Amino acid sequence: MMADRSQGTATLLDDREGSRPKLAVERLVKTRTSSSGRTLTVVDDVTFEVRQGEFVCLLGPSGCGKTSILNILAGLDEPTAGRVLLDGDPIHGPGPDRAVLFQEPALFPWLSVVGNVEFALKHVGVAERDRRARAMSWLQNVHLTGFANAQPHELSAGMRQRVALARALACDPDVLLGDEPFGSLDAQARELLQNEVQRVWAESEGRKTFVFVTHNVREAALLADRVLVMTVRPGRLLEEVRIHAPRPRNLDDALVARVVSEIHEVLMGEVSKGGAP
Amino acid sequence: MKRLAKELGPPIAGVAGLVLVWAVGAAFVASSTVPSPAEVWSAFIRGVSNGTIPEAAAKTLLRLAFSSVMSILLGTALGFGLALNGFARRSVRPLVVALQITPYIAWLPLAVVWFGLTERAVVFVAIVGAFPSVTLATISSFGQVPPLLKRAGRTLGADGWHLYREVIFPAALPGYVAGLEQAWGFAWKALMAGELITAGLRATGLGQLLQRSQNDVPMLVATVAVIVVIGVAVEYLVFGAVDRRIRRRRGLIVGG
């Protein structure tokens, strides 16, 4: 069922018979107790796999449980029922093999920009004398070497999120998880970051797996190989949309535009269903 | 240099204004109640040259340092323990709050009963006055660490003790330092009150100097001035400076 992909080195890996998925979500259920004491089902029986080197977007309106799924993949939260596997093993707790880009940059305000990147390097065991040079090269990757010694608060929101990207990549993670990381940015900064993320993913040539959560259809169409569209309350998988448009993509590409309208249709159908009594 | 002038200009003008008002006022009042600035200055010089002011100031500063350090150690240890344990926090925190709002001077008679008219009684009151602020600030500064930063730290591979040392402690630092600033102020005030009352001690401090100078009004005013200057200096040069440095670095304050 994963065989109809069209380009990229990732395809080779995908087509390898019997190759294990990088991430597997099996019959995942997540419930939460509301403030009034009722049990809410946030994620309801969700199953999907992500292949090594794939770029998957979980798309859905707010409240569809997509962030809960991401938190569980990150190891920051536990499933209520079902399993979540990384390389076939159940996920226990967070770790730098699965870096996370949060909605907010979550930079440490007491560290300089380069210090934030060095923080990541330290915890993956890079020797102290090598950290500065390595951190600088990651900053160069997001075009921020000029701000290495600035404090995070001196940067714009878009620049801060780029530092967060550099910091996440400095862990050299197998998996990069994004929890609407561009949601709070202005249009220009968002486009810049979307391009950087696309480039970083492409440059990894199938070594890095990206799973991003978004409510933005255009963003999903721009970034993903595969979009998993979710329903709202309880969060279930509604539809899977594969995107074969060549990369690097642009929102003006005819193929991307067509995917956007296709996903819109799926979502509109869902919204009108939700409106029925 | 220009920036320093800009920063120090207004407060210097304020002090100059105060001295002027004082000088004019003193001219109209008997010098036995309000001595002129010149009289106070000569009393100050006298006190410095015969050694009483430097000796008293040194004693007092030593007590201040000791009681501040003890308050910080005790307050931090208790606060950290309470920050870690929810049950202990809910049971002990109200007691610490009660201690903090109790005027420290209320403990002095009891301290005299326990320790006699000794240096220990004075230091005890200063510590009891100061450590609750440190404890409460420690608890609240841990409580206010943004959960997002902890999550970010954990996903970057910092766990257990590393998470504390590299994320939670630094994130809690601004609130903690604000608590220290408040605590030294309490210690300072409690120390003065304690010294004033235990003036019979052989060891003199500024508070005791106040008590003994009751018949020498210029000396009394000179001593008060020394107390004020020490307080302002510690506030601005030690705690305030650290606090501002931390906040400016993190963009929590803009400019001066």
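The model is predicted.

**Chain B**

Chain B is built from 10 helices and has zero strands. Read from the N terminus, its elements follow the order α-α-α-α-α-α-α-α-α-α. Along the principal axes, the C-alpha atoms of chain B take up a box of roughly 70 × 55 × 30 Å.

**Interface of chain B and chain A**

At the interface, 20 residues of chain B are in contact with 24 residues of chain A. The area buried between the two chains is about 2000 Å², and carbon and sulfur atoms give 66% of it. Three residues, Thr155(B), Leu156(B) and Arg249(B), supply 35% of the area that chain B buries against chain A, more than any other three residues.

The rule finds one salt bridge across this interface. The side chains of Lys122(A) and Glu166(B) meet in a salt bridge, with a distance of 3.2 Å from N to O. Polar contacts across the interface of chain B and chain A come to seven residue pairs, with both residues at pLDDT 80 or more.

On the side of chain B that touches chain A, at least two residues each come from α7 (147-155), α8 (160-197) and α10 (217-249) of chain B. The element that gives the most to this side is α7(B), with seven residues. By class, the side of chain B that touches chain A has eight nonpolar, five polar and seven charged residues.

**Pockets**

The table sets out the volumes.

| Pocket | Volume |
|---|---|
| Largest pocket | about 1300 Å³ |
| Second largest pocket | about 370 Å³ |

The largest pocket is lined by 30 residues, and those nearest its centre are Pro11(B), Val15(B), Val228(B), Val229(B) and Val232(B). Three helices of chain B, namely α1 (2-28), α2 (37-49) and α10, each supply at least two residues of this lining. The most comes from α10(B), with 15 residues. The lining of the largest pocket divides into 24 nonpolar residues, one polar residue and five charged residues.

The second largest pocket has a volume of about 370 Å³. Of the 20 residues that line the second largest pocket, Pro109(A), Pro146(B), Leu149(B), Arg250(B) and Leu252(B) are the closest to its centre. The elements giving two or more residues to this lining are α7 and α8 of chain B. The largest share, four residues, comes from α8(B). By class, the lining of the second largest pocket has 13 nonpolar, four polar and three charged residues.

**Backbone features of chain A**

Arg247(A) and Pro248(A) are joined by a cis peptide bond, with omega about -5°. Pro248(A) is placed in the loop between β10 (237-242) and α8 (254-275) of chain A.

Asp172(A), a residue other than glycine, has a positive phi, near 50°. Asp172(A) sits in the loop between α5 (157-170) and β7 (175-179) of chain A.

How values were computed. Residues are numbered from 1 along each chain as its sequence is written. Chains are lettered from A and ligands numbered from 1 in the order in which they are written. Side-chain values use heavy atoms; hydrogens and water are left out. Contact means heavy atoms within 4.5 Å. Buried area is the accessible area (1.4 Å probe) that two parts lose on being put together, summed over both. A salt bridge is a side-chain nitrogen of Lys or Arg within 4 Å of a carboxyl oxygen of Asp or Glu. A polar contact is a pair of N or O atoms within 3.5 Å; within protein, one must be able to donate a hydrogen and the other to accept it, and residues adjacent in sequence count only if both atoms are side-chain atoms. Ala, Val, Leu, Ile, Met, Phe, Trp, Tyr, Cys and Pro count as nonpolar, Asp, Glu, Lys and Arg as charged, and the others, Gly among them, as polar. On a 1 Å grid over the protein atoms alone, a cavity is a set of points where a 1.4 Å probe fits but cannot get out, and a pocket is an open set with protein on both sides within 12 Å along at least five of seven lines; lining residues have an atom within 4 Å of a point. Grid points are joined across faces, edges and corners, and a volume is the space filled by probe spheres set on the points.
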